[in-house]
Amino acid sequence: MSRASLFVPLGVFLLIVVIGFFGFRLSDPHSLPSALLGKPFPDFSAPLLDDPARLVDRSALLGAPVLVNVWATWCPTCKAEHDELLRIGAETGIRIVGVNYKDDRAQALDWLVRYGDPYEFVIEDRDGSLGVELGVYGAPETFLLDADGRVVYKHVGDINPRVWRDDFEPLLADLQDD
Amino acid sequence: MTEAQSIVNFGRWPWASVAARAWRTLLLLWVCATPAWAATQVDIYDFPSPEHEARYRALIAELRCPKCLNTNLAGSDAPIAQDLRRTVHKLVSEGGLSDAEIRAYLQERYGDFVLYDPPFRPDTWILWLAPAAFLLLGVIVLLRLLRQPPADPLSAAESERLHTLLNRNSQDRN
């Protein structure tokens, strides 16, 4: 055996350390990449939260970049991001559309009165079937769509100033340049 | 484990060791069976036929709950798992979609994560091929080691030197 070959186990060990380091560090096992990225926002037809007799569909989301925010009153993280959504709506003027996910209508309307309403309109998804179409697995989730209704980005979890600045703003700037 | 350490002491009864072994086997079976009970969920659905129900059960046992890291749809209480069971029930009962199409339906919405079996694609080649590659590597290393000629026996002079060294070492220790 040559002297150099004595270092082979050390090399293998270092390889395992490096693979383990990146394998465990880079991936948050709870965050799933959206299967919808780059694809058109699915067709749907669902009632408005404040006027259930009126149905909205996909065409209501076209024409300009829009944030589609999936929220519910039973979701504490949605409360945590609410002020940030109000700020984003007021400061950037981007359209924000809500999807009220598996919630109670009266409570949801009450929430919007009490905490402020950042949404242009809110779609009611009482049984979560629109959520299944969107691949939603928990609230809050926020989709960024371009003017053609294509999903550019999806964020799972609350939108806070850091997430907005690092993840959404650059994408939004790209969309508005085009 | 000796009889004295057994969880249940069957004492000096003639069949004590047989009884103790049976008891341990029973305990083991019980422990093995527990996850199956835990994975039984309580939705009540009607199906057009027993075949539909069998397909539904097979699908929810095979698909993974998106909210959970390692639970299938059948075994999860998460609201999203309930929704997806309802979706699978609807797709199965309405007919028209094969099992493969139902899998594809959920994969389109929730990604590969819902499939416990990752698809074989260029970006998953390493996942599928790495074990075979490592096995091949091991076989190659093993063959090379086996083919190596045995080391030459020591010459008389080397033997002498080895003895001296070993003796010196043991004297040092005393």
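Modeller: What follows is a set of questions and answers on the folds and helices shown above. This is a predicted model, in which local features need pLDDT of at least 70, side-chain atom pairs count only at pLDDT 80 or more, and totals for chains, interfaces and linings use all residues. Residues are numbered from 1 along each chain as its sequence is written, while chains are lettered from A and ligands numbered from 1 in the order in which they are written.

Colleague: What pattern does chain A follow along the sequence?

Modeller: Helices (H or I, at least four residues) and strands (E, at least two) are DSSP runs, numbered from the N terminus. Chain A has 5 helices and 7 strands. Read in sequence, the pattern is α-β-β-β-α-β-α-β-α-β-β-α.

Colleague: In what order do the strands of the open sheet of chain A stand?

Modeller: Two strands pair if DSSP finds at least two bridges between them. The open sheet has 5 strands with mixed pairing. β5 (121-125) and β7 (151-156) of chain A each have a single partner strand, so one side of each is left without a neighbour in the sheet. The order in chain A is β5-β4-β3-β6-β7.

Colleague: Which residue is the bridge partner of A:Trp71 in β4(A)?

Modeller: Strand β3 (residues 66-71) and strand β4 (residues 95-101) of chain A run parallel and are joined by 6 bridges. In β4(A), the partner of A:Trp71 is A:Asn100.

Colleague: Which residue in the turn between β6(A) and β7(A) has a positive phi?

Modeller: β6(A) and β7(A) run antiparallel, with 5 bridges between them. Within this pair, A:Glu141 stands opposite A:Val156 of β7(A). The two strands form a hairpin with 5 residues between them, and the turn residue with a positive phi, about 80°, is A:Gly149.

Colleague: Which buried residues does α2(B) have?

Modeller: A residue is buried if 20 or more other C-beta atoms lie within 10 Å of its own, exposed if 12 or fewer, and partly exposed in between, with C-beta atoms placed from the backbone. The face of α2(B) turned away from the buried side carries exposed B:Pro50, B:Glu51 and B:Ala54. The buried residues of α2(B) are B:Tyr56, B:Leu59 and B:Ile60. They lie on the same side of α2(B), because their arc (that of the directions from the helix axis to the C-beta atoms) is only 90°.

Colleague: What distance separates the end C-alpha atoms of α4(B)?

Modeller: The expected span of a helix is 1.5 Å times one less than its number of residues. For the 12 residues of α4(B) this should come to 16 Å, and the distance between the end C-alpha atoms agrees, at 16 Å.

Colleague: Which helices are included in what covers the buried residues of α4(B)?

Modeller: The buried residues of α4(B) are B:Leu106, B:Arg109 and B:Tyr110. They cover an arc of only 85°, which puts them on the same side of the helix. On the other side, B:Ala100 and B:Glu101 are exposed. Two residues are in contact if their C-beta atoms, placed from the backbone, lie within 7 Å, and the cover includes α4 (129-134) of chain A together with α3 of chain B.

Colleague: How many residues does the contact take from each chain?

Modeller: The side of chain A that touches chain B has 6 nonpolar, 4 polar and 2 charged residues. Here Ala, Val, Leu, Ile, Met, Phe, Trp, Tyr, Cys and Pro count as nonpolar, Asp, Glu, Lys and Arg as charged, and the others, Gly among them, as polar. The contact takes 12 residues from chain A and 14 residues from chain B.
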